[in-house]
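The following exercises concern the structure shown below.

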Amino acid sequence: MSRRARRCASGLSGLAVCALWLLPAVSLAAPSIPLLNVEPAAAGGSNYSVSIQILLLMTLLSLLPAALITMTSFTRVLVVLAILRQALGTAQTPSNQIILGLALFLSLFIMAPVLQQAYDSGLQPYLDEQISFEVALQQAKEPFREFMFNQTREADLLMFAELGGYDGFQSEAEVPLQVLLPSFLTSELKTAFQIGFLIFLPFLVIDLVVASVLMSMGMMMLSPMLISLPFKIMLFVLIDGWSLIVGTLAASFVAR
């Protein structure tokens, strides 16, 4: 090793020693940041620091996609639209982005009264500092629970209650969210497949008729799907299919 290299190495080692010697002093001199700051409120509750409120808000935003799928009409709408595209036989038309966009905005239209009620009863009083965060969360959750109860089959609710080890519930308020959510999703999937079956039938009849005609004409090598596709699109356009599908989906969420 050359003399210059030895000098550089000794200089770097000296700086490292000085840095390690000064590190405890710097750490002691730096102001400490409290991880959690909780103060008692006047009404008997607790007030959290601003940093904790931001952390809770970011956590809720990260759970927003899951809430969109599990607590709204999005699941039923998306499944029905996917089955409709499969019944038409149009492959990737409409595209996945269009299907998702239509399902999202139709879900916003269907859930508008529920969202407005949750905003009026929970979020707005909390922003006006009239109620605490815990009370706001509980009041904002009630409209969604009522919506899910209106769309959940009793058989599905009883099944998940038995699987969860619950003996029974005297009222809807006693049903926990971990029982209501899977019951609601199961009921939504059942309803979506029932609607999809009714949508699929007329297009299936067209496919069978076209396949029978081609077979009787001896055209074995010609794909029936290729011939039936224009007829299915023509039928769907003549009956104003998109309006019927969207209107039926929106009407299916009327409280029972």
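**Exercise 1.** Locate Leu222 relative to the helices, and determine whether Leu222 is buried or exposed, or in between.

*Solution.* Step 1. Leu222 is found in the loop between α8 and α9 (224-238); helices (H or I, at least four residues) and strands (E, at least two) are DSSP runs, numbered from the N terminus. The model is a predicted one, in which local features need pLDDT of at least 70 and side-chain atom pairs count only at pLDDT 80 or more, while totals for chains, interfaces and linings use all residues. Residues are numbered from 1 along each chain as its sequence is written, and side-chain values use heavy atoms, with hydrogens and water left out.

Step 1. The relative accessible area of Leu222 is 32%, so Leu222 is partly exposed. The classes are buried (under 20% relative accessible area), exposed (over 50%) and partly exposed (in between), with a 1.4 Å probe and protein chains only.

**Exercise 2.** Identify the residues that make the nonpolar surface patch, and state which helix gives the most to it.

*Solution.* Step 1. Val205, Val209, Val213, Met217, Met219, Leu222 and Leu226 make a nonpolar surface patch of about 610 Å². Like charges are joined within 9 Å, and nonpolar side chains (Val, Leu, Ile, Met, Phe, Trp, Tyr) within 5 Å. Accessible areas come from the Shrake-Rupley method with a 1.4 Å probe, and for residues only the protein chains shown count as cover.

Step 1. With 3 residues, helix α8 (residues 177-216) gives the most to the nonpolar patch.

**Exercise 3.** Describe the largest nonpolar core and the elements that supply it.

*Solution.* Step 1. The largest nonpolar core has 37 residues, and Val77 and Ile245 have the most contacts inside it. Such a core is a set of buried Ala, Val, Leu, Ile, Met, Phe, Trp, Tyr and Cys residues joined through side-chain atoms within 4.5 Å.

Step 1. Two or more residues of this core come from each of α4 (74-88), α5 (96-127), α6 (133-151), α7 (154-163), α8 and α10 (241-251). Helix α4 provides the largest share, 9 residues.

Step 2. Setting aside neighbours within four places in sequence, Val77 is in contact (heavy atoms within 4.5 Å) with Ala103, Leu106, Ser107, Ile110, Leu249 and Phe253.

**Exercise 4.** Classify two of the aromatic pairs and give their place in the chain.

*Solution.* Step 1. There are 4 aromatic pairs. Rings of Phe, Tyr and Trp (its six-membered ring) pair if their centres lie within 6.5 Å; planes under 30 degrees apart count as stacked, over 60 as edge-to-face and the rest as tilted.

Step 1. The ring centres of Phe147 and Phe253 are 6.0 Å apart and their planes are at 20°, so this pair is stacked. Phe147 belongs to helix α6 and Phe253 to the segment after α10, 106 residues apart. Phe147 counts as buried at 7% relative accessibility, and Phe253 counts as buried at 7%.

Step 2. For Phe203 and Phe236 the centres are 6.2 Å apart and the planes at 50°, so this pair is tilted. Because Phe203 lies in helix α8 and Phe236 in helix α9, the pair ties together parts that are 33 residues apart in sequence.

How values were computed: Patches are made of residues with over 30% relative accessible area and no salt bridge: like charges are joined within 9 Å, nonpolar side chains (Val, Leu, Ile, Met, Phe, Trp, Tyr) within 5 Å. A salt bridge is a side-chain nitrogen of Lys or Arg within 4 Å of a carboxyl oxygen of Asp or Glu.
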